[in-house]
Amino acid sequence: MTTNPMVAQVESLPDLLTTQFEPLDERVQDLLDPEEWTGLERIVATGCGDSFMATVATQWAMERLGGVPTEAAMAMRAARYGLPAAGSLSPDRTLVIAVSVSGAVSRTQEAVAIGREVGACTVALTGNPDSPLGQMAERILNCRIPEFVAAPGVRSYRISLLALWQVALHLGTVRGCLDAQEARGYKGQLQSLAAAAAETIDLCRKPAQDLASILADCTHFTFVGDGPSYASALFSAAKILEALGRDAWGQDTEEWAHLQYFSRFDAKSPTCVIDAAGPASDRMQEILGPMRRIGREIVLIAPQGSALAPLCHHHLPVANGVDPLFAPMINAIPGELLSAYLAEIVGEEHFGGFTGLYDSSIQGGNNIYTSHVAALSELT
């Protein structure tokens, strides 16, 4: 058993996904009445940090499987810009899904409060049903999981992903977007993610350790992906920041060519490209040429046997055969392992140990949990 808490969280994922699948599936089916599901015209999925990234990762599935236009919105944007203008967008046919593991984040509470005020149906997807968010929302999707060793969010992110994908699948089934055979097929794919996670951990453990030794002195990291894999890029960069405290970007594949291409902060900065063989895979292959030309150290996160591997300097492999819709479940594992091993090598405490400048208790003022939760009347 590893003594690295973040690695321990990663290694616990197969069992977590296996044991939580059926309970979550039952809760999703009881979340709304069939008439409420079929009447939806719009979904706003919102949250902060990892929770927001989970909405980005699952937006494509919500629309493709569930058949409902879906906006993955940061909680500030949802609360203070999007939802106050919802009067012209059938708010009574809008579902606000607010994701927060703690249920205590102020902006996510605010999104639910504004959603209720404009007439939308509100759901708290949370690991703490008794939290302020749980008390504020009309419905609760209980995503509480067994306590585990503390580390930057690994387990909680996966449960948010799983719950949102199950919402998409149930939505599509009830609305008739999927026939019975299609629904069974997608459910089987979701259930198989536990085995894919286990395979990815086995494949990636040693390469991630080796790569961490090579990159230990690097101070700037970039993760690149598109569609659901853009969420994996954001999430992987977040783990570098949280575990290691070093600068990290998560960027969209096309936008890298418009922005990070010009960075001279660290010409050789590790650039991790996440390829799930989705609709934009050809564009990912195209930008590898410019990446190499300007001297980037390219790390490929993709299944074994990827055609892109010969074009990259390093390869952190993931399991084959995972639908790009659901690839975020496994494509974040390489970044998590790399972050964990880097922090171990350099002796960095996760979140800076919450000491010194990072100890919010000695700074005073409002943090993400005590910030004022505004009402609609204050924002319009």
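**Figure 1. Aromatic pairs in the predicted model.** The count comes to 5 aromatic pairs, where rings of Phe, Tyr and Trp (its six-membered ring) pair if their centres lie within 6.5 Å, and planes under 30 degrees apart count as stacked, over 60 as edge-to-face and the rest as tilted. The model is predicted: local features need pLDDT of at least 70, side-chain atom pairs count only at pLDDT 80 or more, and totals for chains, interfaces and linings use all residues. Residues are numbered from 1 along each chain as its sequence is written, and side-chain values use heavy atoms, with hydrogens and water left out.

**Figure 2. The edge-to-face pair of Y186 and F326.** The ring centres are 6.3 Å apart, with 85° between the planes. Y186 belongs to helix α9 (residues 180-191) and F326 to the loop between β10 (314-318) and α14 (328-331), so the pair ties together parts that are 140 residues apart in sequence. Helices (H or I, at least four residues) and strands (E, at least two) are DSSP runs, numbered from the N terminus. Both Y186 and F326 are buried (under 20% relative accessible area; exposed is over 50%, partly exposed in between; 1.4 Å probe, protein chains only). Ring pairs link W165 with Y186 and F326 into a cluster.

**Figure 3. The edge-to-face pair of W256 and Y261.** Here the centres lie 5.9 Å apart and the planes make an angle of 80°. W256 is buried, at 1% relative accessible area, whereas Y261 is partly exposed, at 23%.

**Figure 4. The charged end of R64 over the ring of W60.** The distance to the ring centre is 5.2 Å; a charge sits over a ring if NZ of Lys or CZ of Arg is within 6 Å of the ring centre and within 35 degrees of the ring normal.

**Figure 5. The largest pocket.** Its volume is about 1,300 Å³. On a 1 Å grid over the protein atoms alone, a pocket is an open set of points with protein on both sides within 12 Å along at least five of seven lines, a cavity is a set where a 1.4 Å probe fits but cannot get out, and lining residues have an atom within 4 Å of a point. Of the 45 lining residues, V101, S102, G153, S156 and Y369 lie nearest the pocket centre. Helix α8 gives the largest share of the lining, 5 residues.

**Figure 6. The largest cavity.** This cavity has a volume of about 30 Å³ and is lined by L31, W37, L95, I97, V123, L125, L141 and V167. Strands β3 (94-100) and β4 (121-126) are the elements that give two or more residues to this lining.

Definitions and conventions:
Grid points are joined across faces, edges and corners, and a volume is the space filled by probe spheres set on the points.
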